[in-house]
Amino acid sequence: MSRNGGLGFERPGRHGAFTMTSSGGDNWQTCPPREFFEVQAERLMDRLYGTALRLTREQADAEDLVAETFAKAWARLESLEDRQSFEKWIFRILVNTFISAQRREKARPKEVLAEEDAPPGEFSLFEKMHQPFLLWWGNPEQRLLDKLLREDIESALDTLPETFRLVIVMVEFWGFSYAEAADTLGLPVGTVRSRLSRGRSLMQHALWEQACQLGIAAGPEKGAAK
Amino acid sequence: MSARYRCGTGERGGQMINDLRCEEVIEKLLDYLDRELDSETEQALANHMETCRACYSRAEFERRLRARINEAGRAAAPDSLRHRVRALVERY
């Protein structure tokens, strides 16, 4: 890696200034494949790795997943008709690679994948925190958000069944529409919507439990919930 | 939406603002934040939240929570991974 945190590739020079933003530029469409790929790889590396970490929950597995994703993307780059769509294209490759790997390991009883196993019902962190007696103390739900650490959020995400985690990652991390997520996963839009709703609900419940343990929120034993 | 959530007048579903009850707004809030509503419904929710503090607070909370969740989707890739990707591109 280069000292500046990049991949260590030589910067494109022959083709002038190179726009790396998601909006792209004219030369984004026409520059040589290798230059295009290098710039995009560097731009998206941390996001893809962060996403892979949340999906696999293991650093080594996440690294393998991203490396395999880039290998497939590089091999298939010629098939990408619109370079503007590179971001979602490579993310789809990552998701499909992850799902394929999970299917291969399905015999391994690593995690319960069935969404039916998730408890029904909605849970709202806002409603839990926005209790009348807690409002004497100011704005408890906002204070909660201020106090939650990144690792609290990561832990809450990691507790989700894979099917829910996947749709949350697609919609919240990568801005997929429900239709795009459904298309990528081969599911009806209604199923994506349902998984998203239940996943968010479970995640907020996990965050609330963590907040109770940390003393940020008052748990049921103190009469704040239920 | 949970039956516990009430805003506005205390009447079931909260107060009616801009042709929408708070209950309807909360039911559609996640779709609204995901930009999944048609433009007319989206505008109706936006109008409601301009004048309903309770629904606005709820929406702001969800927005801020999403921003925090989004932070978890990015992590510094290790050097070893960058080396692997660089080697891949250089090899082919």
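This is a predicted model: local features need pLDDT of at least 70, side-chain atom pairs count only at pLDDT 80 or more; totals for chains, interfaces and linings use all residues.
**Stop 1: where the chains meet.** Show both chains together. The contact (heavy atoms within 4.5 Å) takes 52 residues from chain A and 38 residues from chain B. Between them the chains bury about 4300 Å², 56% of it on carbon and sulfur atoms; buried area is the accessible area (1.4 Å probe) that two parts lose on being put together, summed over both. Now select F61(B), R68(B) and R82(B): in chain B, these lose the most area to chain A, together 17% of what that side buries.

**Stop 2: a helix of chain B.** Select residues 53-71 of chain B, which form helix α3. Helices are DSSP runs (H or I, at least four residues), numbered from the N terminus. How far apart are the end C-alpha atoms of this helix? They are 27 Å apart, which agrees with the 27 Å that its 19 residues should span at 1.5 Å a residue; the expected span is 1.5 Å times one less than the number of residues. Several α3(B) residues are buried, among them F61(B), E62(B) and R68(B). Buried means under 20% relative accessible area, exposed over 50%, and partly exposed in between (1.4 Å probe, protein chains only).

Stop 3: Go to E63(A), in helix α3 of chain A. Is E63(A) buried or exposed? With a relative accessible area of 13%, E63(A) is buried. Leaving out residues up to four places away in sequence, E63(A) touches Y49(A), P78(B), S80(B), L81(B) and R84(B). With R84(B), E63(A) forms a salt bridge, the closest N and O atoms being 3.6 Å apart. A salt bridge is a side-chain nitrogen of Lys or Arg within 4 Å of a carboxyl oxygen of Asp or Glu. The count between chain B and chain A is seven salt bridges.

**Stop 4: two loops.** Most residues other than glycine have a negative phi. Select R57(A), in the loop between α2 (33-56) and α3 (59-76) of chain A: its phi is positive, about 65°, although it is not a glycine. R57(A) is partly exposed, at 31%. Finish at R35(B), in the loop between α1 (22-33) and α2 (39-51) of chain B, with a positive phi of about 60°. R35(B) counts as exposed, at 60% relative accessibility.

Note on methods
Residues are numbered from 1 along each chain as its sequence is written. Chains are lettered from A and ligands numbered from 1 in the order in which they are written. Side-chain values use heavy atoms; hydrogens and water are left out.
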